[in-house]
Amino acid sequence: MELSAYLHRIGYDGSVRPDLATLRAVHRAHQYAIPFENLDVLLRRPVVLDLEANYDKIVCRQRGGWCYEMNGVMGWALKEIGFEVMRMSAGVMRVREGDAQLGNHLCLLVCLDHPYLVDVGFGGSLVEPLPLRASEREDRPYRLGLSELGDDYWRFAEIAHGDGDAFSFDFRAAPADEALLARKCQFLQTDPASPFIQNLVVQRRTADTHLSLRGRVLAAIHAARVDKKLLNSADELVATLRDSFGLDMPEAATLWSSICVRHEALFAGTSDEKYL
């Protein structure tokens with residue numbers, strides 16, 4: 001595992017010092033270079049918390065990953081640079097589902113003059129770290145917020161153009177429960193109720209546009225509009241993964257039938273135009 005190889009993977013060639021400028025630049029570079037994706041889950045390939053396996057997948061094999069992998073590698077890289085990094089357990093949509101969600105997300109806290117929330121594993125909405133204080137910020141095309149809750153919890157929330165409700169996760173600024181993370185990582189890739197079992201999710205930020213592929217629907221989210229396209233074949237899926245997300249995954253063609261079944265289940269009785 002070489003820091004230089006990771007920095008090359010994310011296209012970062014700036015200075016490497018444990019300061020805020022470097023933290024911001026490395027965070028931004030990772031978000032722009034590496035997509036969030038759950039292809040291994042759908043292909044029934046085990047996803048693990050092992051750092052070397054995550055590094056091999058993301059850096060050596062030019063893949064993306066989900067939060068446990070992306071923030072795992074990012075946390076390692078920041079420590080190599082000299083940052084003080086803490087892994088934290090979080091709960092996506094705890095606001096709706098309660099404490100049972102805790103552990104279904106991994107995020108990071110980096111301490112400089114002030115603690116900063118670092119997260120390159122939430123689909124790409126957070127371009128640069130957020131100071132750990134109640135605040136709002138626009139990372140086009142998203143509006144982001146960090147709020148302090150009771151019982152020492154914080155809530156990170158994002159809203160994109162056209163979204164009615166915020167998508168959020170809650171966390172405490174405390175060391176992660178690693179056993180809980182491991183259990184949730186296993187649950188999310190094996191339980192039929194997991195959204196990562198049910199549908200393909202690939203996301204990537206490009207400047208102030210966010211690309212999102214969910215099943216057959218490819219969306220380009222801009223600050224003032226959302227452009228959508230419906231994929232119509234396994235070949236088009238493979239080409240989209242390659243051309244839009246930088247993922248050379250010809251084996252993804254084997255997922256096409258199940259993706260279409262899921263699409264029909266979600267949109268039965270509607271025309272393509274209605275949700276595009």
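The structure is a predicted model, in which local features need pLDDT of at least 70, side-chain atom pairs count only at pLDDT 80 or more, and totals for chains, interfaces and linings use all residues. Residues are numbered from 1 along each chain as its sequence is written, and side-chain values use heavy atoms, without hydrogens and water.

The largest nonpolar core holds 27 residues, of which Y6, I10, V26, M74 and L78 touch the most other members. Such a core is a set of buried Ala, Val, Leu, Ile, Met, Phe, Trp, Tyr and Cys residues joined through side-chain atoms within 4.5 Å; buried means under 20% relative accessible area (1.4 Å probe, protein chains only). Helix α5 gives this core its largest share, 7 residues. Beyond four places in sequence, I10 touches V26, A29, H30, A33 and I34 (contact means heavy atoms within 4.5 Å).

N71 also lies in helix α5 and is buried, at a relative accessible area of 0%.

A pocket is an open set of points on a 1 Å grid over the protein atoms alone where a 1.4 Å probe fits, with protein on both sides within 12 Å along at least five of seven lines; lining residues have an atom within 4 Å of a point. Closest to its centre, among 14 lining residues, are E136, R143, L144, G145 and A157. Strand β7 contributes the largest share of the lining, 5 residues.

| Element giving two or more lining residues | Range |
|---|---|
| β6 | residues 135-139 |
| β7 | residues 142-148 |
| β8 | residues 153-160 |

Helices (H or I, at least four residues) and strands (E, at least two) are DSSP runs, numbered from the N terminus.

Technical notes:
Buried means under 20% relative accessible area, exposed over 50%, partly exposed in between (1.4 Å probe, protein chains only).
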